[in-house]
Amino acid sequence: MHDGPAHATTDIEGYVPFPADRVRAYREAGDWRDLTFHAVVDRVAEATPSRRALVGPERELSYGDLARNSRRLAGAFRDELGLRADDTVTLQLPNCVEFVEAFLACSRLGVVPAFVLPRHREQELGHVVSLTESKAVVTAGDRYDLGFDYVGLVDSVVDDHAHLDACVAVAGDGSDAPTGWHDLTALRDHDEEVDGDDVNPCNPGLFMLSGGTSGLPKAIPRTHNDYVYLWEHIARAMGVEADWTLVAGLPIPHSFAFGYVLGAGLWAGATVAVEPALKPDPLVALVDRVDGDVTTLIPKQLIDFLDAGADATLSTLRVVCSGGQKVPPDLVRRVADQWDAGFCNVFGMGEGAQVITRPDDPVEVQATTVGRPLGPGDEIRIVDEGREVPRGELGELVVRGPGVFTGYFRNEAANESSFDDDGWFYTGDVFSQRPDGTYEVWGRLDDTINRAGETIYAPAIEDVLVEHPKIAKAAVVGVPDEALGERVGAAVELRRGTASLTLDEVTAFLDERGLAVFRRPERLAVVASLPETDVGKIDRGAVEREFGAGESV
Ligand code: AMP
């Protein structure tokens, strides 16, 4: 039996809590284990304190070190920054050990960190600080060579926010934090520790930011319980063992690496390896150096890895996770040919829904589907015009469960349009279910192209385009057209050593592949590199805007 409070006890205004009956049901089913983020680490630290938890640039921490450092940092956050339970802090750090220390310090205090991505700039940072009324910002100082002045970025927004009391930077050895700032390294030496045993795991433990390519990110409150549920089932689905090392190929504040590397690793008491530069060379070197067992990459990075000839170096990998965007089937087959690794084709989102292939699924299932829901408590439906569609038909993915959020923070309009009265979340993604029970993704509802009344799913065309021997990456979009409403446009990046590509060549290839005439691109732009979102996904929205504006992409 659980003796904690039956529901959230937070006073944060604008947070939508899980209803008490669902909390009860998740606890009874064992989906929620009433563990806070820091309790997950403390369990390992108590049983095996010397086990290696984190490998970062220049620093390695055991579970015992990580538990102690985060306790001291929590003490400093309380005593020197004045932070208290339910306060919010904005964290903008690259992949480094300090991110994890700061995140766990917040967790111990019941402080809620908002995860801003390293690529976010003034607009997004200012928006998140303001939306969450952050009391403090933690950012990168001069410890890592990041080629960007994060302290200057914070300085540019700080005056607009009266509630922002404290700024913390990770300063390098021998250097100080800027005047008026705290240095995270010095704070970590604080002599009062905070355990955080009283933190309620039903309360929000972090804010993820929604992705997307237009508008400012929405804040997604996630409780300790609902995220730890994902950590547990991600670790189980991948079969993570305590002696494995998981390598973050994406920013850890993004849900993909946060769940599939950091969370799964901490849950299993394994080692998590991080590196601020998320380019192929340093990442391949890191996997090689730590004999990585798992990594997470978006499809674009995976293509770069394969093209960089990383196959021999990466032979230690047991599980390769890719997703965040449709993974072209041919890419999965290439991975299967080159590496003896299981493939998790991961459909996931910061809001929590996760549908994934398992490492031991047949390659064709991994290539053409996103497998099955992650955890035992997940509820999933495919809906069109308010009704569940028969198996095989396309509709919007609608989800609810112990690992799915309950509402955007302080955003009633978004909650109104994306939740129904029973708490089901409408994801905006088009899915279908195959006879074997696995799920296929077709794209976002707004990625569909309507050409003279025909609905065309952009990712399915991209999947075929990247099988062309000259094409490395592709983004298919709708181009406004007076006569037909929209026509199909494609922007492509060519493979190394390829000089040119014409629309006629593309048409001939798609003809050979049997793609219906109306689904074939009628406009082609060959580009040096496709635009990217803040997490590095191919930014179809930006391609669309540029095609729409009649500019060369
Ligand atoms: P974010 O929360 O930024 O990670 O974005 C989540 C969105 O990425 C989802 O709603 C999907 O549209 C897309 N997505 C994630 N994983 C996949 C996948 N494996 N296949 C297709 N789309 C995906």
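**Domains and cavities in a predicted model**

Colleague: How much space lies in the largest cavity?

Modeller: This is a predicted model, where local features need pLDDT of at least 70, side-chain atom pairs count only at pLDDT 80 or more, and totals for chains, interfaces and linings use all residues. Residues are numbered from 1 along each chain as its sequence is written, and side-chain values use heavy atoms, without hydrogens and water. A cavity is a set of points on a 1 Å grid over the protein atoms alone where a 1.4 Å probe fits but cannot get out. The space in the largest cavity is about 150 Å³.

Colleague: Which residues lie closest to the centre of the largest cavity?

Modeller: Its lining has 13 residues, each with an atom within 4 Å of a point. The closest to the centre are Lys326, Pro328, Glu462, Ala474 and Ile538.

Colleague: How many residues of domain 3 are in contact with domain 1?

Modeller: The domain assignment gives domain 1 as 38-217 and domain 3 as 452-548. Contact means heavy atoms within 4.5 Å. Six residues of domain 1 take part, and the domain 3 count is eight.

Colleague: Which side chains meet in a salt bridge?

Modeller: The rule asks for a side-chain nitrogen of Lys or Arg within 4 Å of a carboxyl oxygen of Asp or Glu. It finds one salt bridge across the interface of domain 1 and domain 3. At 2.8 Å, N to O, the pair is Arg119 and Glu532.

Terms used: Domains from an automatic or database assignment. 1 Å grid on protein atoms, 1.4 Å probe; cavity = no way out; pocket = protein on both sides within 12 Å on 5 of 7 lines; lining within 4 Å. Points joined across faces, edges and corners; volume = space filled by probe spheres on them.
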